[in-house]
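Hi everyone, thanks for making time for this. Let me put the structure up, and then we can walk through it together.

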Amino acid sequence: MNQGFSQLGAQLKAIWQELSIGQRFNLVFAGLAIVGGMVALGVWSSRPDYALLYGKLDDAEASRVLAALDDAKVPYRVNRGGGAIMIPADKVYLMRMQLAAKGIPRGDGVGYEIFDKPNFGISDFVQRANYIRAVQGELARTISQVDSIESSRVMIVMPENRLTADGSRKPTASVFLHVRGNNQLATQTVAAIRFLVANAVEGLTPNNVSVIDNLGNVLSENTDGDPIAGLTSNQLSARRNLEQYLSKKAESMLEKVLGPGQAVVRVSAEINYDNLQRTEEKYDPEGQVLRTSTVNDEATDSLTANASSGGTVGTPTNSNSETNSVAGGTPATRTNTKKKVTNNQFEINKVSSTTTQGAGGLRRLSAAVFVAQRFTGTGTNRTAQPRTPQEITRLQKVVEDAVGIQQGADPLRKDSITVEEAPFSDTVGADTFKDLEHQERSRMWMDLATNALYPTLGLAALFFLWRLFQNTPTDPIPLGVPVGAIGADGTMAGALGPGGGGPITVDAFNQMVRENPANMTQAIRGWMARNTAAK
């Protein structure tokens with residue numbers, strides 16, 4: 001075995017001595033390139049795959065995380081100005097659990113875990129301050145869960161406990177929001193945050209919650225001092241929502257017929273916000289109804305003594321009287337009187353009605369509809385094909401029924417609709433599509449180039465080596481024959497026997513063919529080439 005290696009080394013040394021300086025340089029350069037490529041490939045394939053551990057951390061929290069990683073001897077990378085920390089992918093979840101056990105990162109304040117540890121002997125003031133801190137931390141964590149919010153802070157101010165109650169002192173709260181992407185929050189989101197904070201603190205109202213964002217915009221509005229302003233804001237919001245709903249309703253229907261982006265609808269709604277209460281009473285004089293009937297029947301019987309028997313001269317008697325004698329024989333007159341009085345009270349028929357009309361009725365509804373003009377042909381042969389009046393009327397009728405426009409049906413409402421056909425400008429859309437297509441094509445070629453880089457380099461190295469060996473002259477060196485034993489005349493000195501050189505015998509030639517057919521073929525070709533050149 002050792003003798004074989006020594007013979008191989010001697011042969012390689014002899015080959016190296018026969019090479020020219022350029023061939024030696026090419027061979028060394030190719031060897032170094034292959035070794036360097038293999039080393040680079042091994043380093044690249046053995047490097048760990050890094051994944052995100054935590055992102056969007058402030059400097060204080062990032063420093064705590066890095067200190068914990070240094071203690072755990074975990075390699076890391078810091079990107080994006082220190083806000084994102086990368087570690088090997090196979091250690092991400094393990095390190096998150098270990099850091100969470102240490103309370104790192106701390107996150108948005110402290111929550112109710114502040115009461116996990118028993119604290120004996122603390123004052124009521126400290127206990128109350130801890131409770132407010134816990135509420136603030138829990139609210140901040142909850143608000144940060146909203147998709148469009150990156151982080152938040154909540155500050156609550158509670159009135160001090162006093163012996164005398166003061167109704168003018170009420171709790172207040174302030175909310176600071178760091179909005180993701182520097183976009184302004186929707187009004188519904190701000191209102192939801194205010195109600196969330198107000199319902200979490202006793203005695204706090206939504207109007208006493210102030211909300212600002214990281215751009216310095218005040219997102220909350222206090223309408224307690226100005227109810228008209230609050231009412232106006234609600235009215236504008238309701239009108240805007242109604243107009244958007246009707247516009248999208250009509251557009252979605254037209255897009256199903258005409259195609260996407262072929263129609264634009266804008267609706268204007270005038271809403272009646274008046275609250276009316278009407279009371280009406282109607283009397284019917286002919287429809288009398290007897291309410292009460294009272295009958296008073298009186299009868300009077302009296303006896304009067306006469307002053308003289310003849311009475312008063314010239315005065316007739318008007319009463320039904322009888323002459324009788326009273327005690328002592330004095331003549332007397334008896335008077336009988338009867339009276340009957342009937343009192344009837346009638347009730348006149350009355351109809352009373354009360355009508356209450358709430359806010360929200362439509363006073364007027366108008367719609368403007370633009371329909372894309374149709375074209376026939378392509379390129380320079382593209383020509384406009386206007387729609388017929390019947391088609392425009394049909395589209396107008398469809399939009400009227402979709403949004404609820406009543407032309408002429410209600411005299412109190414003056415609804416209107418306008419349908420126009422016009423060519424749409426698609427320059428912006430075409431440019432955007434071209435930019436996206438160019439970016440997509442560039443990204444595709446970049447990915448292909450990146451994926452094909454290493455195979456191309458490998459093939460280039462193999463091709464370089466193949467060309468290098470093709471351009472290197474070779475000499476027929478059969479195995480088992482020392483270098484230099486083959487002479488220029490085709491004899492093998494010292495290879496055919498102990499006597500030295502001589503011509504190649506048939507038996508020796510057959511033996512070499514059997515042992516090394518490839519080398520002998522190459523040697524025969526070399527001999528034939530030399531013989532041809534000699535001739």
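When I say buried, I mean under 20% relative accessible area, with over 50% being exposed and anything in between partly exposed, using a 1.4 Å probe and protein chains only. By that cut-off, 22% of the 535 residues in this protein are buried.

A quick word on the source: this is a predicted model, where local features need pLDDT of at least 70 and side-chain atom pairs count only at pLDDT 80 or more, while totals for chains, interfaces and linings use all residues. Residues are numbered from 1 along each chain as its sequence is written, and side-chain values use heavy atoms, with hydrogens and water left out.

Helices (H or I, at least four residues) and strands (E, at least two) are DSSP runs, numbered from the N terminus. The protein has 11 helices and 14 strands.

Now to a sheet I like. Two strands pair if DSSP finds at least two bridges between them. Three strands form an open sheet in the order E7-E11-E14, with mixed pairing. Strand E7 (263–272) and strand E14 (416–422) are at the edges with a single partner strand each, so one side of each has no neighbour in the sheet. E11 (residues 361–372) and E14 run parallel, joined by seven bridges; Ser366 has Ser416 in E14 as its bridge partner.

Finally, which residues does Ser247 touch, leaving aside its neighbours within four places in sequence? With contact meaning heavy atoms within 4.5 Å, they are Val265, Arg266 and Val267. Ser247 sits in helix H7 (residues 227–258), and it counts as buried because its relative accessibility is 8%.
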